Amino acid sequence: MRSIYHGVLGAALLMTGAILPGAANAADYVALSGRQLYERFCASCHGVQGRGDGPVADSLRVEVPDLTRIAQRRGAALPRDRIARIIDGRHVLKAHGSRTMPVWGEDLSRAHAGDPDAERNTEIIISRLAEYVWFLQRPGDQDVPLAAQAPDAPAGVDQWIHAALELDRNAERGALLYEQHCADCHGGQAWGDAARSIPALAGQRRAYLVKQLADFIELERRGDQEALRGERQGRDQGRSMHEVVSSAGLDDPQVWADIAAYVNGLPLAQSTQTGDGTGLALGEAVYREQCATCHEEDARGDDEGFVPSLRNQHYVYLLRQMRGLTAWHRSNADEGLIRFLDSLETEEMTAVADYLSRFRGPVRDRLRMHNDGTVGD
């Protein structure tokens, strides 16, 4: 029988067992997400889902803990800064017991000892790992892996979204991820493609972008056939978006945070497609009476309510989304919005889309201070 390590919240209580042939170079891993880092350094002992059942676990002299039940064992979730210190290993008190897992702080920075960039990269990596381990302490059905949980309770999805919005953002990494996964459709500058009814994303609300990424993933996970079978005209586009966002490496709140930060900061589209201009007065009247309450009079949207900016967007995309909502009832849309759009005549709907397509320029809004001290949208 394997012995059980009894150190109180010691290093072995939490993280990994991946054995490296030599010192790891932080610069080689700093572009990876928390999930990818976990799979690289931790899954061999703790298992892909963090349940302590990795391929190396049985060969160890200690019992590898189940990371998904930390909160259950302690009666409260372990703070992220505490997790980070344990992963780092350089600041764990000896009173907590012997160190079984690698001292990742030393391993990641040893190759370039004294180099401030190496230390900074090490801190970034450890922070992402800590965030991911903290994220594994999820509420709900603990017997279902995080990557496969069906969001039967909206609170589960909301937790993931809010967790992503609280993370430190890395727009440089977001640029790499965007180029790899998004640019083929949305364009290198995220200005979209009116001919293919692909939306412009540049300058879009960060919170809304995060929510959309999460919703696309959840829609794919649970096989929501009502939504996936819908909008016949855009079936291929809808499926491709689910497939891309649900691919390996994008099922991670840190990825959502980084991509959203990059896209939010891009220069706005220089021009977007508009309608024929014949119904602008009607479009303005409908918008101001029915839409401005949520989207604001200048269509800037609202981060707090996950309301998208409708500025700098293509006419054909706006119209198609309004029609699509009434036809296939996108599962993440507000029911009140669907009922309102369904009540519009074709002339009114096209007029609103044309009116909105002419909103240009940056979002005019008050600057906000975020939890990390940064200021902006």
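This section describes the helices, helix contacts and selected residues of a predicted protein model. Residues are numbered from 1 along each chain as its sequence is written, and side-chain values use heavy atoms, with hydrogens and water left out. Because the model is predicted, local features need pLDDT of at least 70 and side-chain atom pairs count only at pLDDT 80 or more, whereas totals for chains, interfaces and linings use all residues.

The protein contains 18 helices and 0 strands; helices (H or I, at least four residues) and strands (E, at least two) are DSSP runs, numbered from the N terminus. Of the 377 residues in the protein, 50% are buried, where buried means under 20% relative accessible area, exposed over 50%, and partly exposed in between (1.4 Å probe, protein chains only). The protein exposes about 18,400 Å², of which carbon and sulfur atoms supply 50%; accessible areas come from the Shrake-Rupley method with a 1.4 Å probe, and for residues only the protein chains shown count as cover. Contact means heavy atoms within 4.5 Å. Among contacts between residues at least 6 apart in sequence, 70% join residues at least 24 apart.

Helix α4 (residues 80-88) has the buried residues R82, I83, A84, I86, I87 and D88. The cover over these residues includes α5 (104-109) and α6. Following α4 is G89, whose phi is positive, near 80 degrees. Helix α6 (residues 116-136) contains E131, which counts as buried because its relative accessibility is 13%. Residues up to four places away in sequence aside, E131 touches R80 and L167.

The axes of helix α8 (residues 171-181) and helix α13 (residues 253-264) come within 7 Å and cross at roughly 95 degrees, so α8 is roughly perpendicular to α13. Axes are lines fitted to C-alpha atoms, for helices over the stretch in contact, and angles run from 0 to 180 degrees between N-to-C directions. Angles under 35 degrees count as roughly parallel, over 145 as roughly antiparallel, 65 to 115 as roughly perpendicular and the rest as oblique. On the α8 side, A171, R173, G174, A175, L177 and Y178 take part, meeting Q254, V255, D258, I259, A261, Y262 and V263 of α13. By class, this contact has 9 nonpolar, 2 polar and 2 charged residues; Ala, Val, Leu, Ile, Met, Phe, Trp, Tyr, Cys and Pro count as nonpolar, Asp, Glu, Lys and Arg as charged, and the others, Gly among them, as polar.

In the loop between α8 and α9 (183-186) lies C182. With a relative accessibility of 17%, C182 counts as buried. Neighbours within four places in sequence aside, C182 is in contact with L177 and G187. C182 and V244 are 62 residues apart in sequence, and their C-alpha atoms are 8.2 Å apart in space.

In helix α14 (residues 280-290), the buried residues are G283, V286 and Y287. These residues lie on the same side of α14 because they cover an arc of only 95 degrees around the axis, the arc being that of the directions from the helix axis to the C-beta atoms. On the face of α14 turned away from its buried side are the exposed residues A281 and E289. The cover over the buried residues of α14 includes α15 (292-295), α17 (335-343) and α18 (346-356).

Helices α14 and α18 pack at an angle of about 90 degrees, with their axes 7 Å apart; α14 is therefore roughly perpendicular to α18. In this contact, L280, L282, G283, E284, V286, Y287 and R288 of α14 meet E347, E348, A351, V352, D354, Y355 and L356 of α18. The residues of the contact divide into 8 nonpolar, 1 polar and 5 charged.

Most residues other than glycine have a negative phi. In E296, a residue other than glycine, phi is positive, near 75 degrees. E296 lies in the loop between α15 and α16 (315-328) and, at 26% relative accessibility, counts as partly exposed. F306, also a residue other than glycine, has a positive phi near 55 degrees. F306 is placed in the loop between α15 and α16 and is buried, with a relative accessible area of 18%.
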